[in-house]
Amino acid sequence: SIHDSIWNAQNWCPAGIVNSVDTWDQYTAELDAVYTPYPSFIEGLNDKIYGRRLGSITTFTSGTGSGKTSFLREDMYHLLKTTDSKIGICSLEESVAGTGRGFISLELSKRVGIPGVDVPMEEQREAVEKTMGTGRFEILDHQGSVSDDSLLEKLEYMACVCDYIYLDHITIAISEVEGSVNAAMDKFMSELLKMAKRHNVWFGVVSHLRKSNQDQSSFEQGAEINED
């Protein structure tokens, strides 16, 4: 009633504003944040940043052909062997079959599919059962075409069922956007961060470096990388 609204009015505060006296629960939740170590071959990262943290994004970048995709696959394999979590894979430059072949190769420590590397099908099948056959991977089958909006919908689904999600790479994810590439990338990363916080998942995102100017050496030749 109007009488109650006047005499029993409650203090109002817009959504998103928190008084400092009410922050203890958020502080203690930060102390309980989950960190998952990176593989031992990059143990230095665990010393510096304690591993990967749920609810955050890690961006991996380097010159073209430097092994970003290979590194990510090793990291996915590490999570498969050391956690019980589901892993989302959005590899926009690789087919589902190519992803499977990569995991078979890691399991067998053999470069399956390379001429001269003969592995019996029974052995390959056993490797499949230990990797893809676990059902621990959710893989995007993009079939060579994806828009940023549809990709975000698929990533949202993955975030509901996976703890760790890999996107390789964001340059392709926004390739069909008209207008400013930088603005599109900022918008896409903003949506990813909201998703990471909303579902408390970790995103590993590959970003290609900007091509160098003609008067500069390339990143593949050792050019210095800056935050820009």
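Modeller: A salt bridge is counted where a side-chain nitrogen of Lys or Arg lies within 4 Å of a carboxyl oxygen of Asp or Glu. The model discussed here is a predicted one.

Biologist: Which residue meets Arg 52 in a salt bridge?

Modeller: Side chains of opposite charge can pair when their charged atoms come close. For Arg 52, the N to O distance to its partner is 2.5 Å, and the cut-off for a salt bridge is 4 Å. The partner is Asp 75.

Biologist: Are Arg 52 and Asp 75 buried or exposed, and how many residues apart are they?

Modeller: Buried means under 20% relative accessible area. Arg 52 has 1% relative accessibility and therefore counts as buried; Asp 75, with a relative accessible area of 0%, is buried as well. Arg 52 belongs to strand β2 (residues 52-53) and Asp 75 to helix α4 (residues 68-82), so that the pair links distant parts of the chain.

Biologist: How many salt bridges does a search of the whole structure find, and which residue forms one with Glu 107?

Modeller: The search of the whole structure finds seven salt bridges. In the one that involves Glu 107, the closest N and O atoms are 3.1 Å apart. Glu 107 lies in helix α5 and its partner in helix α4, so the pair ties together parts that are 26 residues apart in sequence. That partner, partly exposed with a relative accessible area of 43%, is Lys 81.

Biologist: Where does Lys 86 lie, and what is the distance between the closest N and O atoms in its salt bridge with Glu 138?

Modeller: Lys 86 is in the loop between α4 and β4 (87-91), whereas Glu 138 is in strand β5, and the pair links distant parts of the chain, 52 residues apart. Glu 138 is buried, with a relative accessible area of 19%, while Lys 86 counts as partly exposed at 28%. The closest N and O atoms are separated by 2.8 Å.

Biologist: How many disulfides does the structure hold?

Modeller: A disulfide requires two cysteine sulfur atoms within 2.5 Å. For Cys 90, the closest cysteine sulfur is that of Cys 162, at 8.9 Å, which is too far for a bond. Cys 90 is buried at 0% relative accessibility, and Cys 162 is buried at 3%. The number of disulfides is zero.

Biologist: Why is the ring pair of Phe 103 and Phe 137 classed as it is?

Modeller: The structure holds eight aromatic pairs. In the pair of Phe 103 and Phe 137, the ring centres are 4.5 Å apart and the planes stand at 25°. Planes under 30 degrees apart meet the cut-off for one class, and therefore the pair is stacked.

Biologist: Which residues do ring pairs link into a cluster?

Modeller: The structure holds eight aromatic pairs. Ring pairs link Phe, Tyr and Trp residues into a cluster, whose members are Phe 41, Phe 60, Phe 71, Tyr 164, Tyr 166 and Trp 202.

Biologist: Is Gln 124 buried or exposed, and which residues does it touch?

Modeller: Gln 124 is found in helix α6 (residues 121-130). Its relative accessibility is 16%, so Gln 124 counts as buried. Leaving aside residues up to four places away in sequence, Gln 124 touches Ile 104, Leu 108, Val 112 and Val 119.

Biologist: Which residues make the nonpolar surface patch?

Modeller: The patch covers about 430 Å². One of its members, Ile 2, is placed in helix α1 (residues 2-7) and counts as exposed at 67% relative accessibility. The patch is made by Ile 2, Ile 6 and Trp 7.

Biologist: For the chain as a whole, what share of the residues counts as buried?

Modeller: The chain has nine helices and seven strands, with an accessible surface of about 14,400 Å², 50% of it belonging to carbon and sulfur atoms. Among contacts with a separation of 6 or more, residues 24 or more positions apart account for 68%. Of the 228 residues, the buried share is 36%.

Key. Residues numbered from 1 in each chain as written. Predicted model: local features only at pLDDT ≥ 70, side-chain atom pairs only at ≥ 80, totals over all residues. Heavy atoms only, no water. Patch = residues over 30% accessible without salt bridge, like charges linked within 9 Å, V, L, I, M, F, W, Y side chains within 5 Å. Areas by Shrake-Rupley, 256 points an atom, 1.4 Å probe, with all protein chains shown as cover. Helix = DSSP H or I, 4+ residues; strand = E, 2+ residues; numbered from the N terminus. Buried < 20%, exposed > 50% of the residue type's maximum accessible area, 1.4 Å probe, protein only. Contact = heavy atoms within 4.5 Å. Phe/Tyr/Trp six-rings, centres within 6.5 Å; stacked < 30°, edge-to-face > 60°.
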